[in-house]
Amino acid sequence: MWLMLNSFHLFLSLASSINPPPPTHSPCPSGYISWYLNCYKLVEEAATWDAAQTACAKAGGNLASIDMSYDQAFVAGVVLQGKADAWIGLKRKVQNGSYMWTDGWPVFFTQWGPGEPSNLEGEGCVSMHASYFFHGTWNDTKCSDPKPYICKISKDFLWPS
Ligand SMILES: [Ca+2]
């Protein structure tokens with residue numbers, strides 16, 4: 001009996017010393033997928049490339065840049081699920097024809113589709129193919145075409161160290 005009471009008291013004191021867990025905190029804004037050091041969101045409402053970049057910037061990010069093959073694999077997976085070609089943050093500069101990421105990253109990595117970039121007049125904005133045949137490769141196309149788009153927010157931006 002003594003032992004039972006004692007363990008009951010032990011249980012009570014233990015129970016009262018356990019704090020409730022802190023509320024879970026997602027590292028990304030709502031609607032964004034957390035992956036590696038960034039947050040991504042596929043927006044399925046179609047917009048021109050410029051309108052898409054503006055919308056991503058309003059949320060604190062940019063159209064997605066793709067800096068390496070890991071990013072490419074992840075973003076392609078997201079775009080393939082959306083089933084429609086989607087804008088990424090790459091655009092050709094009118095001045096010298098070079099490509100630039102909207103978030104300022106240099107272009108280290110590219111994944112152009114066959115025959116791309118075709119560099120046709122007015123085709124300076126880059127979308128990712130959603131079809132399995134093209135497997136997430138890139139195409140320079142008309143900036144004024146409305147397409148779904150993928151935004152990226154850097155977690156460094158959200159939580160500066
Ligand atoms: Ca093209």
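Let's start in a loop: His135 lies between strand S6 and strand S7 (138-141). Its backbone deserves a look, as the phi of His135 is near 55°, a positive value in a residue other than glycine. Most residues other than glycine have a negative phi. As for its surroundings, His135 has 13 C-beta neighbours inside 10 Å, so it counts as partly exposed. Keep in mind as you explore that this is a predicted model.

Tyr36 is not a glycine, yet it has a positive phi of about 55°. Is Tyr36 buried or exposed? With 11 other C-beta atoms within 10 Å, Tyr36 is exposed, because a residue with 12 or fewer such neighbours falls in that class.

The next stop is a peptide bond. Going from Glu116 to Pro117, the bond is cis, with omega near -5°. Most peptide bonds are trans. You will find Pro117 in the loop that links strand S5 (99-101) with strand S6 (125-128).

Now let's step back to the whole chain. The protein has four helices and eight strands, and reading from the N terminus their order is α-β-β-α-β-α-β-β-β-β-β-α. The protein has 161 residues, of which 30% count as buried.

Technical notes:
Residues numbered from 1 in each chain as written. Predicted model: local features only at pLDDT ≥ 70, side-chain atom pairs only at ≥ 80, totals over all residues. Helix = DSSP H or I, 4+ residues; strand = E, 2+ residues; numbered from the N terminus. Buried ≥ 20, exposed ≤ 12 C-beta atoms within 10 Å, placed from the backbone.
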